[in-house]
Amino acid sequence: MKRVVSVSLGSSKRDHRVNVELLGEHFEISRIGTDGDLNKAVQVIKELDGKVDAIGLGGIDVYLYAGKTRYAVRDGLKLMEAARKTPVVDGSGLKNTLEREAVYYLRENTDLLPPGISVLMVSAVDRFGMAEAFLDIGCDVVFGDLIFAAGIPYAVRSLAELEEIAKKTLPEMVKLPFHMLYPTGKKQETQDEEKVKKFGHYYQEAKVIAGDYHLVRRYMPPLDGQTIITNTTTAEDVDFLREKGAGCLVTTTPEFAGRSFGTNVIEGVLVAILQKPWEEIKPEEYLSLLRRLDFRPRIIRLQGEKAGG
């Protein structure tokens, strides 16, 4: 049996463990939340090193992207470097493959992304593949990186502008403690009411809201049937979105035992199957393996029955 463990800076209340069979191999997939404690996460990774097949980093990014430029997050590197033997991944390889493909799948197989539909991406630098795909299929996209990360009410509307802003801001921002950039620990269980009131209209003006679930949740006002395209969700998260008035939930990662796991977990599974250093894995290899696994977006009509996907 192969073991893949996600070590997360998120809440330990979201911990989960499942056993699944993929391509004839048995996997134990689990999550260990450290409630925002970076030092504890380092220790857990050191204890797992050499004992599991892959480690995913949850609740934190190691790399952010804008165009072809990659920016390394200092705290993320600290976690990645805590392991000497076991491969450690943050999901960025899948964000550029699986999530990009998920957008194209939705355009071709559903009515959720018609031409010109308005999309709010709460953050694009952590999901640049998805951002490019939305623009490629003709969506009207607002990138909320400045709005929700910096509290600046400025809607970025092109990737060229986003890249220019990233060049000026990310080299210094990635040096900050990660909890200043992203909700960790107990912050994942609460909303930022001030920003909900101040910036909630960006959600309400869009038909589709996309991005990391914890960012999407933290700033979400009451909705009116919008589609949410995101990653890790639990049954409780589905209830939260339904109560907020969202019309449809799409998760780019598959469901195992009642919940979708993060891209870091799925990338860990793929690395364990391929048995190659993650730095040597090419996007084409991920895509080929994803097609063999037949991973498709999970679609839930929140005001009705579960739809196929």
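Mentor: Let's sort out some words before we look. Ala, Val, Leu, Ile, Met, Phe, Trp, Tyr, Cys and Pro count as nonpolar, Asp, Glu, Lys and Arg as charged, and the others, Gly among them, as polar. Keep in mind, too, that this is a predicted model. With those classes, the lining of the second largest pocket has eight charged, six polar and four nonpolar residues. That pocket holds about 300 Å³, and Lys 13, Arg 14, Thr 234, Glu 236 and Asp 237 are the residues nearest its centre. Helix α10 gives the largest share of this lining, four residues, while α9 is another element that supplies at least two.

Now go over to the largest pocket, with about 410 Å³ of space. Its lining has 24 residues, and Tyr 65, Ser 92, Gly 93, Asn 96 and Pro 283 are the closest to the centre. Here the classes come out as ten charged, nine nonpolar and five polar.

Arg 100 pairs with Glu 132, their closest N and O atoms 2.7 Å apart. Because Arg 100 sits in α4 and Glu 132 in α5, the pair joins parts 32 residues apart in sequence. Arg 100 is buried, at 17% relative accessibility, whereas Glu 132 is partly exposed at 29%. Arg 291 pairs with Glu 101 at 3.7 Å; since Arg 291 belongs to α12 and Glu 101 to α4, this bridge spans 190 residues of sequence.

Terms used. Residues numbered from 1 in each chain as written. Predicted model: local features only at pLDDT ≥ 70, side-chain atom pairs only at ≥ 80, totals over all residues. Heavy atoms only, no water. 1 Å grid on protein atoms, 1.4 Å probe; cavity = no way out; pocket = protein on both sides within 12 Å on 5 of 7 lines; lining within 4 Å. Points joined across faces, edges and corners; volume = space filled by probe spheres on them. Salt bridge = Lys/Arg side-chain N within 4 Å of Asp/Glu carboxyl O. Buried < 20%, exposed > 50% of the residue type's maximum accessible area, 1.4 Å probe, protein only.
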